[in-house]
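These are my notebook entries on one structure. Each entry records what I looked up and what I found.

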Amino acid sequence: MKKYVCPICGYIYDEEKEGIPFDELPDNWVCPLCGASKNVFEVEKTEEDTVKVEEVKNFESEDLREMTNAEISALCSSLGRGCEKQYLEKEAEDFYKLASYYESKNQKNENNDFKDLIFKINEDLETNYKNARKIASDKNDRGALRVITWGEKVTMILKSLLSQYDKDKEFTKNTKVYVCDICGFIYVGDNKPEICPVCKVPSFKMLEIERGA
Amino acid sequence: MSKVRAVRNLRLCSKDCLCLYVCPTGATDTETGQIDFSKCIGCGACANACPSKAISMVPYDYPIQQSKDETVIKSLNSIIRSKVEQEKIAYNIYCKSDDKIVKQFTKALMKANRLMAEDLYREAGYMLPQSKNTKEFLENLLKINDSNIPKDEIKKLLELLKFNEI
């Protein structure tokens with residue numbers, strides 16, 4: 001009898017309590033808390049496993065001093081949110097104007113498909129996050145570790161949702177889609193959880209993405 | 001002690017209106033629901049009296065941005081680049097599709113990636129709009145050779161924001 005842990009929200013599937021071996025659950029079974037697909041679950045680690053330090057390839061981050069228009073836009077919208085928090089409405093509005101200007105300069109109609117997304121997501125999970133986590137722990141940067149932890153979990157749910165989409169193109173058809181306005185977690189289901197499974201913000205910050213008419 | 005002013009979180013406000021009784025200047029009584037900053041003297045009486053904890057005192061001057069290690073910033077920037085590219089990929093799929101389900105799904109993906117990029121920037125040296133980093137970022141935007149950039153907005157921001165480290 002084993003226990004399986006959801007790496008996104010921490011939900012534990014205990015085979016002993018549930019009475020059904022994890023392997024025998026149907027392929028479309030998802031985490032009852034956060035909606036992660038079955039294949040992201042991990043066998044609960046023993047203490048011995050967790051002591052092992054994860055090997056990180058010697059990876060050099062590129063120097064990205066030159067910001068792209070898309071990056072300028074994201075920074076501007078981030079600063080706009082920062083102003084909103086301080087109730088600086090005029091400043092927020094100007095930052096949002098800048099964000100949409102640089103966004104309009106960025107958008108090009110290239111042909112992309114979901115495989116391009118999965119490729120990038122795997123790159124993030126396999127290299128970028130591990131590298132950043134190693135550096136942030138070395139430098140004892142708790143803030144950076146916080147954003148890495150949230151972002152990595154959200155990236156995992158995106159991967160899980162894309163694999164669900166790959167199996168069933170209509171998996172969101174009869175239900176709702178929510179995005180956490182704080183961390184970006186996506187929840188597909190009828191009723192959003194009481195708190196965001198990743199950043200734990202109360203559910204009123206999880207906003208529904210409407211399906212266009 | 002640095003000067004503070006009262007702000008009201010409208011979502012928490014339960015309209016008990018005790019702030020109106022205790023405010024010595026009438027700053028809390030406005031038609032918009034927000035506190036009139038020009039009248040607020042920062043005494044904190046409203047925040048103390050508020051039974052729903054909807055009022056908090058925010059400073060006029062913020063502490064300077066904590067210094068960040070260059071290698072941490074570089075590693076976060078790599079993730080940011082990936083996230084904005086994913087936002088764009090999702091946008092491209094969104095544009096090319098007529099399927100409502102695909103549109104809804106890619107919209108969620110765009111939003112998730114934007115939010116992650118924004119959050120990463122906060123930890124990569126841009127936590128505070130009033131920081132030296134933000135000031136330099138805005139000044140550098142003005143230097144980019146582009147006749148269409150919203151110069152007025154950038155200049156207005158450089159004027160309005162109370163930068164705390166010159």
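Entry 1: a loop of chain B. I located Lys15(B) in the loop between β1 (4-8) and α1 (18-22) of chain B. Helices (H or I, at least four residues) and strands (E, at least two) are DSSP runs, numbered from the N terminus. Lys15(B) is not a glycine, yet I noted a positive phi of about 55°. Most residues other than glycine have a negative phi. I found Lys15(B) exposed, because 7 other C-beta atoms lie within 10 Å. A residue is buried if 20 or more other C-beta atoms lie within 10 Å of its own, exposed if 12 or fewer, and partly exposed in between, with C-beta atoms placed from the backbone. Cys17(B) is also placed in the loop between β1 and α1 of chain B. Cys17(B) has a positive phi of about 65° and is not a glycine. Cys17(B) counts as exposed, with 12 C-beta neighbours inside 10 Å.

Entry 2: the source. I recorded that this is a predicted model, in which local features need pLDDT of at least 70 and side-chain atom pairs count only at pLDDT 80 or more, while totals for chains, interfaces and linings use all residues. Residues are numbered from 1 along each chain as its sequence is written, and chains are lettered from A and ligands numbered from 1 in the order in which they are written.

Entry 3: helix α6 of chain B. Which residues of α6 (residues 151-160) of chain B are buried? I listed Glu153(B), Ile154(B) and Leu157(B). They lie on the same side of α6(B) because they cover an arc of only 100° around the axis (the arc of the directions from the helix axis to the C-beta atoms). The cover over the buried residues of α6(B) includes α4 of chain A and α5 (132-143) of chain B. On the face turned away from the buried side I found the exposed residues Lys151(B), Asp152(B) and Glu159(B). For Asp152(B), I noted 10 other C-beta atoms within 10 Å. I also looked up Leu142(B), which is 10 residues from Asp152(B) along the chain, with 10.0 Å between their C-alpha atoms.

Entry 4: where the chains meet. I read that 63 residues of chain A are in contact (C-beta atoms, placed from the backbone, within 7 Å) with 58 residues of chain B. On the side of chain A that touches chain B, α5(A) gives the most, with 12 residues. By class, I noted 27 nonpolar, 17 polar and 19 charged residues on that side. Ala, Val, Leu, Ile, Met, Phe, Trp, Tyr, Cys and Pro count as nonpolar, Asp, Glu, Lys and Arg as charged, and the others, Gly among them, as polar.

Conventions
Contact = placed C-beta atoms within 7 Å.
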